[in-house]
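Let's take a friendly walk through a protein structure. Have the sequence and the 3D view ready, and look for each residue as we come to it.

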Amino acid sequence: MNFQVKRSFKIFLITITFFLIVDLFLGNYLYKNFLRINYFDRDTSMGEPHPVFHHTIKKNYKTFSAGWGNRRLTFCSDNFGFRNECDVVNESKIFDIGIIGDSQTEGLGINYEDTFTYLISRQIPENKVANLAVASYSPSIYYSKIKYLLNNNFKFNEIIVFLDLS
């Protein structure tokens, strides 16, 4: 009986060792080639804290490796920190329309050219449209940001607010 137990224990140890070695190499391969590339090798550093309205987008930011899940996209902001087409520089703080909201208005996970703010701006090219939205904004942040912008000499003929109460 003692021989049986020793033999079973050796088989158990060999099996566990083999499993751990295979798991280490196979797991490392799967991690590097599927998980990491889909979730970690992406630029998510476009945001920054703001002392008045909690958080905002960095000014003049440009990345070609922003991501949402396993999707990659281009993310750019203008000289005021508004999401915009790449390399846009606003000469003045005067806008016809300011659009504010949270992630769906910012266009989280899609290229700027696919956002409804961009599409609206292309339908009325004679108007200067600003995308003031940032993911995770709430109605109190909308108010704080608009008030801050107005107090800092920004002018808007109208502000369109897209509420997402989730």
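## Before we start

Keep in mind that this is a predicted model. The distances, angles and areas that follow are computed from it.

## The nonpolar core

Let's begin inside. The largest nonpolar core is made of 21 residues. Those with the most contacts inside this core are Phe82, Phe95, Leu132, Tyr137, Phe154 and Phe156.

Which elements supply these residues? At least two core residues come from each of strand 4, strand 5 and helix 4 (139-151). Helix 4 gives the most, with four residues.

## Aromatic rings

Next, look for the rings. The structure holds ten aromatic pairs. One of them joins Phe80 and Phe95: the pair is edge-to-face, with 6.3 Å from centre to centre and 75° between the planes. Phe80 lies in the loop between strand 4 (71-76) and strand 5 (94-100), while Phe95 lies in strand 5, so the pair ties together parts that are 15 residues apart in sequence.

Phe80 has a relative accessibility of 18%, so Phe80 counts as buried. Phe95, at 2%, counts as buried too.

Phe80, Phe82, Phe95, Phe154 and Phe156 form one aromatic cluster.

## Two salt bridges

Side chains of opposite charge can pair when their charged atoms come close. How many salt bridges does the structure hold? There are two.

In one, the side chains of Asp87 and Lys62 meet, with 3.1 Å from N to O. Asp87 is in the loop between strand 4 and strand 5 and Lys62 is in strand 3 (residues 62-68), so this pair ties together parts that are 25 residues apart in sequence. Asp87 counts as exposed at 62% relative accessibility, and Lys62 counts as partly exposed at 40%.

In the other, the side chains of Arg122 and Glu85 meet, with 2.7 Å from N to O. Arg122 belongs to helix 3 (residues 116-123) and Glu85 to the loop between strand 4 and strand 5, so the bridge ties together parts that are 37 residues apart in sequence. Arg122 is partly exposed, with a relative accessible area of 42%, and Glu85 is partly exposed at 24%.

## A nonpolar patch outside

Now turn to the surface. Phe9, Phe12, Leu13, Ile16, Phe19 and Leu20 form a nonpolar patch there, and together they have about 610 Å² of accessible area. Ile16 counts as partly exposed, at 34% relative accessibility.

Finally, take a look at the backbone. Which residues other than glycine have a positive phi? His54 has a phi near 75°, and Asn153 has a phi of about 70°.

His54 is found in strand 2 (residues 54-57), whereas Asn153 is in the loop between helix 4 and strand 7 (155-161). His54 is exposed, with a relative accessible area of 57%. Asn153 counts as exposed as well, at 56% relative accessibility.

Note on methods: Residues numbered from 1 in each chain as written. Predicted model: local features only at pLDDT ≥ 70, side-chain atom pairs only at ≥ 80, totals over all residues. Heavy atoms only, no water. Patch = residues over 30% accessible without salt bridge, like charges linked within 9 Å, V, L, I, M, F, W, Y side chains within 5 Å. Areas by Shrake-Rupley, 256 points an atom, 1.4 Å probe, with all protein chains shown as cover. Salt bridge = Lys/Arg side-chain N within 4 Å of Asp/Glu carboxyl O. Buried < 20%, exposed > 50% of the residue type's maximum accessible area, 1.4 Å probe, protein only. Phe/Tyr/Trp six-rings, centres within 6.5 Å; stacked < 30°, edge-to-face > 60°. Core = buried A, V, L, I, M, F, W, Y, C linked by side-chain atoms within 4.5 Å.
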